[in-house]
Amino acid sequence: MSDPTVRAPRDELLIHIPSLRAFAVSLSGQIDRADDLVQETLVKAWRNLGSFTEGTNMRAWLFTILRNVYISEIRRRRREVQDTDGVFSESVAVAPQQNGHMDLADFRKALTELPEEQREALILIGAAEFSYEEAAEIAGCAVGTVKSRVNRARTALARRLNLDVSEIGLEPALRAALGSVRSGAA
């Protein structure tokens with residue numbers, strides 16, 4: 001004959017619901033959230049009931065699960081951003097990669113159409129990140145000449161790509177174009 005004071009784990013889960021709910025309310029401060037926490041705790045406990053060791057403290061086990069569910073929720077909410085009107089998501093949206101590929105192809109084509117001196121100066125300054133003095137030494141000309149060539153190259157590229165030269169920084173595109181040329185992807 002079995003001991004009447006020993007309950008089946010399934011039945012013992014039900015006994016602890018009021019205590020779990022009170023603990024969840026004290027953690028979250030909101031009844032609705034507390035009910036969600038208790039529900040999630042019971043679901044996790046039910047799924048893992050096979051890992052519960054009979055004869056140990058089920059109440060402590062359930063409270064540990066509830067506490068872990070609550071902490072996980074807090075961590076998840078820290079990473080989430082409330083964006084009901086979509087303003088934030090629009091600001092972090094990424095353009096489809098095929099457009100980026102096409103833009104890079106357009107940029108490479110426009111770059112190859114520049115006069116050789118302008119292209120060289122722009123690549124030395126923008127992509128290779130040399131100083132104007134270093135670029136002038138490499139190109140064998142005056143610093144002012146390099147600055148002039150870079151300015152004319154930027155203006156010509158912006159015009160060919162239908163961009164406003166004052167609003168763009170061509171250096172990242174130059175580095176990308178130069179990197180793909182170096183890797184043989186051109």
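User: Is the crossing in which H2 passes H3 left-handed or right-handed?
Analyst: This is a predicted model, in which local features need pLDDT of at least 70 and side-chain atom pairs count only at pLDDT 80 or more, while totals for chains, interfaces and linings use all residues. Residues are numbered from 1 along each chain as its sequence is written, and side-chain values use heavy atoms, leaving out hydrogens and water. Taking helices as DSSP runs (H or I, at least four residues), and a crossing as right-handed if the near helix is turned clockwise from the far one by less than a right angle, H2 passes H3 in a crossing that is right-handed.

User: What is the orientation of H2 and H3 to each other?
Analyst: The axes of H2 (residues 17-28) and H3 (residues 31-47), being lines fitted to C-alpha atoms over the stretch in contact, come within 8 Å and cross at roughly 130°. Angles from 0 to 180 degrees are sorted into roughly parallel (under 35), roughly antiparallel (over 145), roughly perpendicular (65 to 115) and the rest, so H2 and H3 are oblique.

User: How many nonpolar residues does the contact of H2 with H3 have?
Analyst: On the H2 side the residues that meet H3 are Ile-17, Leu-20, Arg-21, Ala-24, Val-25 and Ser-28, with contact meaning heavy atoms within 4.5 Å. Their partners in H3 are Ile-31, Arg-33, Ala-34, Asp-35, Leu-37, Val-38 and Leu-42. By class, this contact has 1 polar and 3 charged residues, and the nonpolar count is 9.

User: What is the orientation of H2 and H4 to each other?
Analyst: H2 passes H4 (residues 58-79) in a right-handed crossing. The axes of H2 and H4 come within 11 Å and cross at roughly 30°, and H2 and H4 are therefore roughly parallel.

User: Which residues in H4 do the residues of H2 meet?
Analyst: From H2, the residues that take part are Ser-19, Leu-20, Phe-23, Ala-24, Leu-27 and Ser-28. The residues of this contact divide into 8 nonpolar, 2 polar and 2 charged.

User: What is the relative accessible area of His-16?
Analyst: His-16 has its place in the loop between H1 (9-15) and H2. Not counting residues up to four places away in sequence, His-16 touches Met-58, Arg-59 and Leu-62. His-16 is buried (under 20% relative accessible area, with a 1.4 Å probe and protein chains only), its own value being 11%.

Definitions and conventions
Helix = DSSP H or I, 4+ residues; strand = E, 2+ residues; numbered from the N terminus. Nonpolar A, V, L, I, M, F, W, Y, C, P; charged D, E, K, R; others polar. Buried < 20%, exposed > 50% of the residue type's maximum accessible area, 1.4 Å probe, protein only.
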